[in-house]
Structures are given as structure tokens and as C-alpha cells.
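Here is a short report on one protein model. Look at the sequence and structure first, then read on.

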Amino acid sequence: MQFYRDGYRPGDPDLKPASPQAKARTADIPDEVDVLIVGTGPAGAVLAAQLAAFPGIGTRVIERRAAPLELGHADGVACRTVETLQTFGLADALLREAYWVNEVRFWGPSPEDRDRITRTGWVQDTPDGLSEFPHVIVNQARMQQYLLDHAAKSASRLEVDYGVELSDLTVGEGDHPVLVTLHHTAGEHQGEERVVRARYVVGCDGARSNVRRAIGRELVGDAANHAWGVMDVLATTDFPDWRTKNVIQSAGKGSLLMIPREGGSMVRCYVDLGEVPAGDSAIRQTTAEQLTEIANSILHPYKIDVRSVAWSSVYEVGQRLTDRFDDVPDDLVGLRRPHVFIAGDACHTHSAKAGQGMNVSIQDAFNLGWKLAAVLEGRSPESLLDTYSEERQSVARDLIEFDKFWSAFIAQPTTDPEHPELGGVTPDEMQTEYARQGRYTAGLATRYRPSSLTGDGAHQALATGFEIGTRFHSARAVRVADARGMHLGHAHTADGRWRLYAFGDRTGEQLLALAAWLTDSPDSPVHRFQRDDADLDSVFDVHAILRSGHHDVDITSLPQMLLPRSGPFGLQDWEKVWAVDPADDVFAARGIGDDGALVIVRPDQYVAHVLPLTARAELSAVFEPVLLEQAPIALS
């Protein structure tokens, strides 16, 4: 984290000085806004935190509830989501509070007495090497508050307008083409309506989204007609694995999924309620007491004595998806730019079993946020916004297929050895399948297909461990300036910049030549795609990873791109040059050979391209579809 670049100031460094635009922020929503975010669920909170980094963009966030969410339904935070929170500087706070899912234990009917359960095995929850972060559990409301507090502390001072809902919108023409009707649901203006205009609207308003309805999109899919009860409980028990995650199969009494919650005491129980007739609403009346009774039946000979229920609900498994995540009609795709977007549950719904709903929603917003900022700040063409629906709808479709499989698999009865013809799944099969799906449940299975944003893999062999189209798989290195060993990915902040990680060749000559070209050549993307009055690293954050030890590097002798000056005082940035960590060689860990490699990473942490260090025209060509060449500033 860098601060004081604009001058020393006492107090909390997370509280940024308010920008002039933030100081002019009105209490009421203005008549015109650049971006209107509808809803403060996981997607809306991430989008608010992302756009808050750009105080020149007029962003407003509305929420129909009168106050922040206090008790969220989702709680599983995948490794990929923790990586995302790290870009906002929030991972440490999250990890301190959350429950860490280290192990999953499996229980099934005892061979001696199938009325009783016995532990059948266990697996590591997240296989080694997938991420530097664990899979954790924390209340969705806390996750959202971390992000909203971050937005409020930003230079934008972006805060939520509570008690306001979007009731309708239409898309027309002009600079602010979206005409939005707002309805006040609480506060001094309760019951009043008003109309505002927006350049862009993003519906993060859940499965019953008014934004989705207004643009004519529908969630399409089928319920599986299988019901589960869920409850967060404080209980005493003789069950020995109360503080680990458990998948429990019984003989004919259903299944139970138990996940400890943050705080050391609470546990979430997913209770299998079996098949239900289509449209049956009676199952939703199942009480927490009834869920406890079923759970105790499954747990026999163990028992839980529930002392308090923090929250409970009943739901049917269902997966639904919209055909597009924006307002562009099918016959106008590529001909008209989108101005309304939907994210999270507004455009896809999942079961809770794979723990993907909140996590996928967060990645939707992280994908969209930097694109909106790049277009609104004039760095990218409007066509960049077409890629949001193209990329995220495909990801949601793939994950729904996985969710269908996993929800059905985990709900299967256990195989009866005396009646194998009845089918089911054995404890060993359950354990093996869980371990096999670790990449999905960690949130790391997304791979963007080749496009204007993603390369074709022609040079993938130069860095086999940084797979094009997947998230940047962080690895350790030593920062030369201060000898600090840390993960390269932690240098990536949610500021809308592209990252160029230049991994050195054996002699280092090609890396230095590339850095010099980026610094000096008018043909380099640094000079083509950023304003000439901007800081040298305002669009591209370039990092060099050298093969030498950190004591062997003189930073001040390197090209300016690796020691750029920025801010009002022209201070040098000393945090862009890295050396090999002797205990964890990044070159060996990520398959980088003697020729080195240039790894190009999008603002949302996904690897866009891998190129040779000698690439010049090819490197500039990467950005031609997604960045606008900037005209020189005219001097008066």
C-alpha cells in the first residue's frame, strides 16, 4: 500500500483525501449521473468499490432497503474472491475475521450398523498451489460492508443512497440516454418519485431484478425439485468434527452439509429435505425445530442441542440464466453499444452447494467495473463494453452446468452394499469427486476464450504457469528496494491499470531493452495510449522480475519505466523491481525458461497475453482494440 505521495498527512492512511468532485457531492441524487448502481449485494458492493477509485466519474449507488444488510445469506468466500479483495487492500481484515476451511471430512453409514454414521475420510479443502489464500467463511453482510466502507473512504467519498429503488427505465439517445424512474421506499422522501438520467445503469438488484425486467431479460431454467433447509446455529454437541466442514451421508435419512462459521461457535447446517413436487410451497414452512430434528436423525449416534438459531430458510435447488447480461437486442449486437447491464443474481442463480453464487457475482462486477471506468475516462472505446456480456454469460453458463452436476451428486443417497442395484454413491466416490472439483469450488476454473482481450496462446510455452485467459497465478519474489518477500499479485491494485510483468531472460539484456523501449519509444504502448501530461505509469504498471539476487541490482541504473516518477512531487516509485526468492523460485514455479517472458495482465487480474521480451509491434497491437490512442495535449 502506498500513501503520502501527495504529501504527508496524519491519521488513517486508508482514508483518502476527498477529491474536489467528492466535496461537491450533493445530498440528493443529481439529475444526471455517469453510472447508477442499483443494489448493494456482492456485485453492487464490488462495483461501488471499483468505481470509487475514479472520482471524476459521477457514480451513485441506490439500495431499496432503508439500511445496510445485517445478516447475509451467502457465506462461502472462495480463494479467487479473497484474491479480489486483496486488490482493494481488504484481504487481511477478511482473513482475520473469517473461518478458514482447511479440511473437509466425510461421514457415512457404519458398515456394522447402517443406522449410525462413522467418519470415512477427509481431504484438504483447497489443494496446495492453487492460491496463496484459503477458502474462508464470513457473513455476506460483512463482506459487503468491507467494500462499501472502502468506497466511503476513497477520494470519491462514495456512499449508498438507502431507501431508494429503481421502478423503471428506458433507453433513448444523448449523452445520458438512460431515463430512470426512482421510488423512495424510506426516509423523509418516502413515497416520492423522481426521474434521473444516466450514461450507464448496472442492475445488481437480485433474482427479482427490476433492471432485468425493464430491459426485457428473463431468468430461464428449471428447479430440480429437491429442497434443502439451511440454518445458522449455536449449539452444544458430542459430534467430534463440529469445527470442520463435513459432508454427511446417512442410510435413507438424507444428507447433511455442515460448515463452521466465523467466531468459533456458530455452524451452518444444510439439511437435505428430499424430493418435492413441482410448485409445492408447503416445504417452505419447515421450521428450524424440524430441521434440527432431521439433522439429529442423520447424525445418529451423535446429537446437536441447538441453543440459538441466528437464521434459517428453506429453498429448492435451481439454476437459471439470462441470454445476455446487457440491454442490446440480439439483432443489434455489435451495432449498438450497451448502456444497461445486469450482474450477479439478476442474471444467474445457483444452488448454495458449490458456494459459487456470491463469488461469481463478485467476479461479474470486477469484470465490468474497470471497463466502465476505461470508457468513461476516455481511455477505451465503447466497444470494450460489449465484452462484459460476452465473457461473463459464458462463464455463468459453464458454472451452472457444474452446479447442476454437483448439486445432484451431493444429494445422492449412499450406496447400500446389500442392495447395490438401488444405486447411490459410496463414501469413497463422494470424497474423490469432492477433491477432483477443487478448482471449481476455489473459484479458479474461469478461462476466458480468445478475443480482443485475450490472446490465442501462440507464446504460452514461454510461461506455462501463467495460463492465458485464467487469473494471474501469483507467486513469491523479493522486492529489491526493501528486501521484502511477497506475492507479485499483491502489487495489483483495483485502479484500472494494465500490468506488464517482465520476467527476465538469462542475461537480463532483453528485459532491460524492453524497459528502455517502453520508456523512450513513441511507438511503445506507454506513449501511444496515455496522455502526455499523465504520469508515466498511469495506464501501464510495469514490473521487472530479475533472475539475480536482490543485493545484485542497482535500481537507479534501470530505465525510468521501472523507477517512474509520479504525483505532484514527482516522487519515484521504488516498488516495481523484483528478484528471485531463493526459497521459492518464481521462474521454476511458473515454467519460465531462459528466454524470459512478458506476461500481460488485465485490470481484473486475468492473463491477457504472454509474449517474448523481444516483442514490439506485437505488444502494441495487443492494446489497439481496447485502448484509444491519445492525442498530444495542445499547448496554448
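## A buried glycine

Glycine 163 sits in the loop between strand 8 (160-162) and strand 9 (164-171). Helices (H or I, at least four residues) and strands (E, at least two) are DSSP runs, numbered from the N terminus. Glycine 163 is buried, at 0% relative accessible area. Buried means under 20%, exposed over 50%, and partly exposed in between (1.4 Å probe, protein chains only).

## About the model

This is a predicted model: local features need pLDDT of at least 70, side-chain atom pairs count only at pLDDT 80 or more, and totals for chains, interfaces and linings use all residues. Residues are numbered from 1 along each chain as its sequence is written, and side-chain values use heavy atoms, leaving out hydrogens and water.

## Two helices

The axes of helix 9 (residues 386-410) and helix 10 (residues 427-436) come within 11 Å. They cross at roughly 155°. Axes are lines fitted to C-alpha atoms, for helices over the stretch in contact, and angles run from 0 to 180 degrees between N-to-C directions. Helix 9 and helix 10 are therefore roughly antiparallel (angles over 145 degrees count as such).

## Salt bridges

Side chains of opposite charge can pair when their charged atoms come close. The structure holds 46 salt bridges. Each is a side-chain nitrogen of Lys or Arg within 4 Å of a carboxyl oxygen of Asp or Glu.

One of them joins aspartate 31 to arginine 194, with the closest N and O atoms 2.7 Å apart. This pair links distant parts of the chain, 163 residues apart: aspartate 31 is in the loop between helix 1 and strand 1 (32-38), and arginine 194 is in strand 11 (residues 193-203). Aspartate 31 is exposed, at 56%. Arginine 194 is partly exposed, at 22%.

## A charged network

Which residue does aspartate 541 pair with in a salt bridge? The partner is arginine 499, and the closest N and O atoms are 3.0 Å apart. Aspartate 541 lies in strand 22 (residues 540-545) and arginine 499 in strand 21 (residues 498-503), so the pair ties together parts 42 residues apart in sequence. Both aspartate 541 and arginine 499 are buried. Salt bridges with shared partners join Asp495, Arg497, Arg499, Asp537, Asp541, Asp573 and Lys576 into one network.

Methods: Angles under 35 degrees count as roughly parallel, over 145 as roughly antiparallel, 65 to 115 as roughly perpendicular and the rest as oblique.
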